[in-house]
Amino acid sequence: MLLLLSILGCNTLKKVGEDELLLTKNTILINDEKVTDSEVKGLISQKPNSSVLGYPLKLNLYNLAKENPDSSFQDWLHKKEKREKRLNNLLSQKQVNRLSESFLIKGYSEFLKRIGEPPVIIDTSETNKSLSKLKSYYNTKGYFNNTGAYEIVNGKRKKRAQIEYNITLNSPYIVDTIQKNITSPELDSIYDQANRQSFVKQGEQFDLEKFTMERERLTTLFRNSGVYNFQESSINYTILRDTTIASDDQLMDVQLNIKKFRSTNDSTDTNMPYKVARHKQINIYADYDINGATDTLKSVQHENYNIYYSGKLRYRPKALTDAIFFEKDSIYRDLDRIRTYRQITNLNTFKYPNIDFVPDSTQTKLETNIYLAAKPKYSLNLNFDVTHSNIQQVGTAFSASVITRNVFGGAETLNVSARGSIGLLSDASLSDETFTSELGGDINITFPRIWLPFSTERIIPYYMLPQSRLSVGTNFQRNIGLDKQSLNSILSYNWSPTTRLKNNIELLNVEFVRNVNTNNFYNVYRNTFSNLDEIADDFQDDPEYSSYFEPIQEEGEDPRLSIPTGANNFVRNVLNDSIPVSPEDKELVNSIEERRIRLTENNLIFATNFTHTKNSKSGINDLDFYQYRIKLESAGGMLSLLTNVIPFNKNPNGQNLVFSVPYSQYVKTEFDYIRHWSIGGGQVIAFRSFSGLAIPYGNSDNVPFVRSYFAGGSNDNRAWNAYELGPGSTDNINDFNEANLKLAMNLEYRFPIAGDVKGALFADAGNIWNVFDNETNPEAVFSGFSSLGDIALGTGLGLRYDFTYFVFRLDVGFKTYNPAKVGSNRWFDGYSFKQAVFNIGINYPF
């Protein structure tokens, strides 16, 4: 790799002329101190070529392109006598002429130029432009007397140079007094009441950004104080300075000017100053047709709102008025307009609404018209997928859903869906069946309000976009596993206090899982069976236990326990001491049996959880943001409280039963934090940390498999496959390793390579452990800070292709630190592509 980089490095100056200098670095010095602020550095017009870990990849790709591929081809064509003639005879003269225009000759060079970058040659005109931008920038900060210069510093290597910008700020200008000239008496009164929140303050340094922020603040203030038509362009500032004062005086007077309303059709101010307006009348046009007449519509009044409709009103009036935040005789607030738009969109019943404000002649009364165009009553979605995996040679899945809007007249949405799949097994020995199949369906209904027997509007007002969701679903699965049947039901509530905050409460989350084919356990969990069969090897020649083993199919083959009869009989007799084994083997057999019972028993989970999420991302192009998620969950608590009222049946282990199934009881908490830092040039450093803990108690001594944690996989530690890592320092003891405590951290450096192709270097750390449950293996149990030495580390690299709407991802992970190894073998053991883990994913892992 070093040799390759050296060879490519020699190509860096290939297209730099003899009298030209390649720009390698920009340095900005403000009062002789180096500046690293990204905003200031962004003012520089000419920037060095981008690099990947210090290597100018795009520049060297560009240098590989031929400047004149046509001439080069012609030179090659005529370099040897008769070469052109032979090609003409082989391809024809017309095809030879087209060959010079082909991708291999010309298109290849154009492609390299398109994905690469031409060398950045120092241009003094651009340098002067950058210097001017720097000086102008510091003018906006109050340093009107700043001076600047630049210096081109030749590098130690030929034809390379750096540019050093040096700005001397001198003394800043200070805001001395603030005067006002507001033409509207009502605006003047509003301004005085909120003057303390002003960004422009007396005695502070002049900063143009604060003036811009103050204009935005005043615009928002006036529009939320009744001035529905206020224009930000009506605000400007005049800087006043007495020229008779000494020139070294750095004080300035500021005058705030707020002019009258200016019509969009007229460049002059109208005679009417801004006034505070109130809602005189609020009209809601349900099922609005832009081409239809409004004077023939029927109307109904509800709580001071006029609702117009044609034919029959399909919506309950309250469902419409609850989405409107304007109130009759109240002053206009722009915040109410924004909230109305959001809530109507949240109903999922209407298209994007249109709101129109019609003032009277005095500009103080508004007729507010809200036009609602309904979405189709029904919509159908169909999906068809073809899949392939290490389990299925080929699989097909089909799903369909029917959406019904405004089911009960209150803008409710009903979604009925069904899904089915069938697949051909890759290895028929894994199951008695050749095919896998799955069939399921769900019914979801969403209410645009909190659906409870009491009002919650004071706690969760409608502008928080409250929703209630009730869903019932079932699934029948027949595959190489235990052939599960599941039934789930969820009653949840969600709301968003702000655009960046979201809350969700699942008041009731009931899940019942029934394992149909429990006799297939040892066929599915092969590692578990191998451990059991190894213990049974000591008894394979004993005639008393010969019935436990399968007949030998081939000569020289060791007999193995039959599944399920032989394995189950062997376990039962070991645990009741009918078969003599060592205490260590008996403990292992007991652990195997506990795991079998746990994974084959039916699960009944009555849970309640709360999730709080915050995301500071302002848009799809925001590369510098953070987000976090906190989740708290409790299961079985409500049923446990009923034990004093209802006499539950109990199983031999003393567990309370509901529908003959012991219900799960545990508490669980999770914290997930993500932070992205943009470091310029499309480069991003992404960090993620996750911690989760589930503690069984009461009716359970372990957490259900479906609620436990696993490690590894394309979105976790990418050096291990899913369920392979842990728990603790154990070495993949089970086929699907899981536990009830998880710690994970991920760090990723993302960078552009060429066009839509991007790269990444990553480090993933973490593991799972058992804690506060029935696990006895000390290697799998978290015992304190010393267990943090079992945190696994995987490193690797990835390639991504950005399709705009989604990202296709390929990551290669290497086991850098494997806690399952011993001593120095933990580090870099099997650090090769042969033993690497390849992950394919859609979108970024975090």
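Strand E22 and strand E23 (residues 656–658) are paired in the antiparallel sense over 2 bridges, where strands, like helices, are DSSP runs numbered from the N terminus (at least two residues of type E for a strand, at least four of type H or I for a helix), and two strands count as paired if DSSP finds at least two bridges between them. Within this pair, Asn649 stands opposite Leu657 in E23. The two strands belong to an open sheet of 3 strands with the order E22-E23-E24 and antiparallel pairing. Strand E22 (649–650) and strand E24 (661–662) are at the edges of this sheet, each with a single partner strand, so that one side of each is left without a neighbour in the sheet. The model is a predicted one, in which local features need pLDDT of at least 70 and side-chain atom pairs count only at pLDDT 80 or more, whereas totals for chains, interfaces and linings use all residues. Residues are numbered from 1 along each chain as its sequence is written, and side-chain values use heavy atoms, with hydrogens and water left out.

A further open sheet contains 4 strands in the order E2-E1-E4-E3, with mixed pairing. Its edges are formed by strand E2 (33–34) and strand E3 (147–154), each of which has a single partner strand, so one side of each is left without a neighbour in the sheet. Strand E1 (residues 22–30) pairs with E2 in the antiparallel sense over 2 bridges, and Lys34 in E2 is the bridge partner of Leu29.

Towards the end of the numbering, strand E30 (residues 807–817) and E31 pair in the antiparallel sense over 6 bridges, with Gly841 in E31 as the bridge partner of Arg809. In a regular strand the side chains alternate between the two faces of the sheet.

Helix packing was examined for H16 and two other helices. Helix H15 (residues 565–575) and helix H16 (residues 583–600) pack at an angle of about 125°, with their axes 10 Å apart; axes are lines fitted to C-alpha atoms, for helices over the stretch in contact, and angles run from 0 to 180 degrees between N-to-C directions. H15 and H16 are therefore oblique to each other, given that angles under 35 degrees count as roughly parallel, over 145 as roughly antiparallel, 65 to 115 as roughly perpendicular and the rest as oblique. Their contact (heavy atoms within 4.5 Å) is made by Asn568, Val571, Val574 and Leu575 of H15 and by Lys586, Val589, Asn590, Glu593 and Arg596 of H16. Helix H14 (residues 526–536) packs with H16 at an angle of about 145°, again with axes 10 Å apart. In this case Thr528, Asn531, Leu532 and Ile535 in H14 meet Asp585, Leu588, Val589, Ile592 and Arg595 in H16.

Met272 lies in the loop between strand E7 (251–258) and strand E8 (278–285), and counts as partly exposed because its relative accessibility is 31%. Met272 touches Lys260, Phe261, Ser361 and Gln363, residues up to four places away in sequence not being counted.

Definitions and conventions: Buried < 20%, exposed > 50% of the residue type's maximum accessible area, 1.4 Å probe, protein only.
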